[in-house]
Amino acid sequence: MRHPLARGAATALLALVLLGCDKAPKSAALPPPQEPTAESIAHFCNMGVLEHSGPKGQIFLPGKPEPIWFASVRDVFAFTMLPEEPKNLAAIYVNDMGETSGDGHAPRDSWIEARRAWFVAGSDYRGGMGASEIVPFSDQAAVARFLAVHGGRLLRFDAVNAREILGYELG
């Protein structure tokens, strides 16, 4: 029969080992999203981000305090896909269009990390440049309401492909 102190020591040792298992490096905190200003210029079109309705985006590169701005979510995806653009992205934010105002503008502080969002592609919704848009949401109930009105297909970030965004396959 084992001594009660031995059992207690074994339990304490097991607890320390299990605590040690949680020593994996934690991912760096994401830089917080910013609100666009009158000086926020879209990366591809060189136009003011605030001049356009519809969802917008911002991408942070490691070590850079200012985001790269996008007047559309389609442009955010293009940036992530084009081979000439950086691939070491610290954060990608898009507007959550679940609470869009009647004029098509997303409310302030509606930013969500794009890799956690739900997207609707192929709907009749047009973005700020009048082009087909990939529409992001944080909530599946909002997606269902949007799909009922505008149609389209539900996708996660990794399922959006180059043909959808660029009109051709990369490679």
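Two strands are taken to pair if DSSP finds at least two bridges between them. On that basis, the predicted model contains an open sheet of 3 strands in the order β6-β5-β7, with antiparallel pairing. Strands β6 (135–137) and β7 (153–156) stand at the edges. Each has a single partner strand, so one side of each is left without a neighbour in the sheet. Neighbouring strands of this sheet are turned by 35° against each other on average, direction ignored.

Strand β5 covers residues 118–121 and is joined to β7 by 4 bridges. The two strands run antiparallel. Within this pairing, Trp118 stands opposite Arg156 of β7. The side chains of these two residues also meet: Arg156 lies over the face of Trp118, at 3.8 Å from the ring centre. Helix α3, formed by residues 140–150, lies across β5, β6 and β7. Its direction runs at about 10° to β5.

A further open sheet has 4 strands in the order β2-β1-β3-β4, again with antiparallel pairing. Here the edge strands are β2 (68–70) and β4 (111–113), and each pairs on one side only.

Strand β1 spans residues 57–60 and is linked to β2 by 3 bridges, in antiparallel fashion. Gly57 stands opposite Phe70 in β2, and Gln58 has Trp69 as its bridge partner. Towards β3, strand β1 pairs over 4 bridges, also in the antiparallel sense. Phe60 has Ala91 of β3 as its bridge partner.

In a regular strand, side chains alternate between the two faces of the sheet. In β1, both faces are covered. Gly57 and Ile59 are buried on one side, and Gln58 and Phe60 are buried on the other.

Aromatic contacts were examined next. A search of the whole structure finds 9 aromatic pairs. One of them joins Phe70 and Phe79, whose ring centres are 5.4 Å apart and whose planes meet at 65°. Planes over 60 degrees apart count as edge-to-face, so the Phe70–Phe79 pair falls in that class. Both partners are buried: Phe70 has a relative accessible area of 0%, and Phe79 has 1% relative accessibility. Ring pairs link Phe44, Phe70 and Phe79 into a cluster.

Two loop residues have backbone angles of note. Asn46 is not a glycine, yet has a positive phi of about 55°. Asn46 lies in the loop between α1 (4–21) and β1. With 58% relative accessibility, Asn46 counts as exposed, because the cut-off for exposed is over 50%. Asp109 likewise has a positive phi, near 60°, in a residue other than glycine. Asp109 is placed in the loop between β3 and β4. At 67% relative accessibility, Asp109 also counts as exposed.

Conventions. Residues are numbered from 1 along each chain as its sequence is written. This is a predicted model: local features need pLDDT of at least 70, side-chain atom pairs count only at pLDDT 80 or more; totals for chains, interfaces and linings use all residues. Side-chain values use heavy atoms; hydrogens and water are left out. Axes are lines fitted to C-alpha atoms, for helices over the stretch in contact, and angles run from 0 to 180 degrees between N-to-C directions. Contact means heavy atoms within 4.5 Å. Buried means under 20% relative accessible area, exposed over 50%, partly exposed in between (1.4 Å probe, protein chains only). Rings of Phe, Tyr and Trp (its six-membered ring) pair if their centres lie within 6.5 Å; planes under 30 degrees apart count as stacked, over 60 as edge-to-face and the rest as tilted. A charge sits over a ring if NZ of Lys or CZ of Arg is within 6 Å of the ring centre and within 35 degrees of the ring normal.
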